[in-house]
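Q: Please take a close look at a single part of this model and describe how it sits among its surroundings. Give the cut-offs for any term that you use.

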Amino acid sequence: MVVAPCSVRTLGDIATSHNDSLIVRAADVHLKERRTLVLMVRETPLHAGHLKAMYDLSLYGAVILPPVPAFYHLPKTMGDLVDHSVGKALDQLGVEHELFRRWTGPLSSEERMKRT
């Protein structure tokens, strides 16, 4: 299960098993059943309480995956940045995709020329 975007409120409710919504209840069941739960937390800055909830959830088995833009794959569009975050979530679920080029080390001069 992927919660995207995951607000800090939803994160806190999942961390405390405050099952008053379908999303939180489904996430709780995923943790209980030891299924993959990916939380794409959207808010910043974070204070210690947010970080503690993330820490607790990681101990319970959740994956905390903020949708942070990456630039090592040389994105050209906003869509490329979105595809990278989506691809990272799919990786956690074991879903194959071709949304971005996998990191294999620095590009050679020839590869850099092709990408620009």
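A: Asp13 counts as buried at 14% relative accessibility (buried is under 20% relative accessible area, exposed is over 50%, and partly exposed is in between, with a 1.4 Å probe and protein chains only). This is a predicted model, in which local features need pLDDT of at least 70 and side-chain atom pairs count only at pLDDT 80 or more, while totals for chains, interfaces and linings use all residues. Residues are numbered from 1 along each chain as its sequence is written, and side-chain values use heavy atoms, without hydrogens or water.

The structure holds six of them, a salt bridge being a side-chain nitrogen of Lys or Arg within 4 Å of a carboxyl oxygen of Asp or Glu. Arg9 and Asp13 are four residues apart in helix α1, about one turn of the helix (helices are DSSP runs of H or I with at least four residues, strands are runs of E with at least two, and both are numbered from the N terminus). Whereas Asp13 is buried, Arg9 is exposed, with a relative accessible area of 62%.

Helix α2 holds another pair, Arg25 and Asp28, which are three residues apart, again about one turn of the helix. The closest N and O atoms of the salt bridge between Arg25 and Asp28 are 3.5 Å apart. Arg25 is partly exposed, its relative accessible area being 38%, while Asp28 is buried at 15%.

About one helical turn separates Lys52 from Asp56, because the two are four residues apart in α3. An α-helix has 3.6 residues a turn, so residues three or four places apart point the same way. Asp56 is buried, with a relative accessible area of 17%, and Lys52 is among the exposed residues of α3.

The buried residues of α3 are His50, Ala53, Met54, Asp56 and Leu57. Because these cover an arc of only 165° around the axis, they lie on the same side of α3 (the arc is that of the directions from the helix axis to the C-beta atoms). Exposed residues on the other side of α3 are Ala48, Lys52, Tyr55 and Leu59. The buried residues pack against α1 (8-15), α2 (22-32), β2 and β3. Just after α3, Gly61 takes a positive phi of about 115°.

Strands β2 and β3 belong to an open sheet of three strands in the order β1-β2-β3, with parallel pairing (two strands pair if DSSP finds at least two bridges between them). β1 and β3 each have a single partner strand and stand at the edges, so one side of each lacks a neighbour in the sheet. Three bridges connect β1 (residues 2-6) with β2 in the parallel sense, and two bridges join β2 to β3 (residues 63-64), also running parallel. From β2 the chain crosses through α3 (residues 48-60) to β3, and this β-α-β crossover is right-handed; in other words, with the strands pointing away from the viewer, the path from the first strand over the helix to the second runs clockwise.

In a regular strand the side chains alternate between the two faces of the sheet. In β2 (residues 38-41), both faces are covered: Val38 and Met40 are buried on one side, and Leu39 and Val41 are buried on the other.

Leu39 ties several of these elements together. Its relative accessibility is 0%, so Leu39 counts as buried. Leaving aside neighbours within four places in sequence, Leu39 is in contact with residues including Cys6, Leu11, Ile14 and Leu57 (contact means heavy atoms within 4.5 Å). Leu57 is one of the buried residues of α3.

Met40, also in β2, is buried. Met40 is in contact with Ser85, which also touches Pro67 and Val68, its neighbours within four places in sequence left aside. Ser85 lies in helix α4 (residues 78-93) and counts as buried at 12% relative accessibility.
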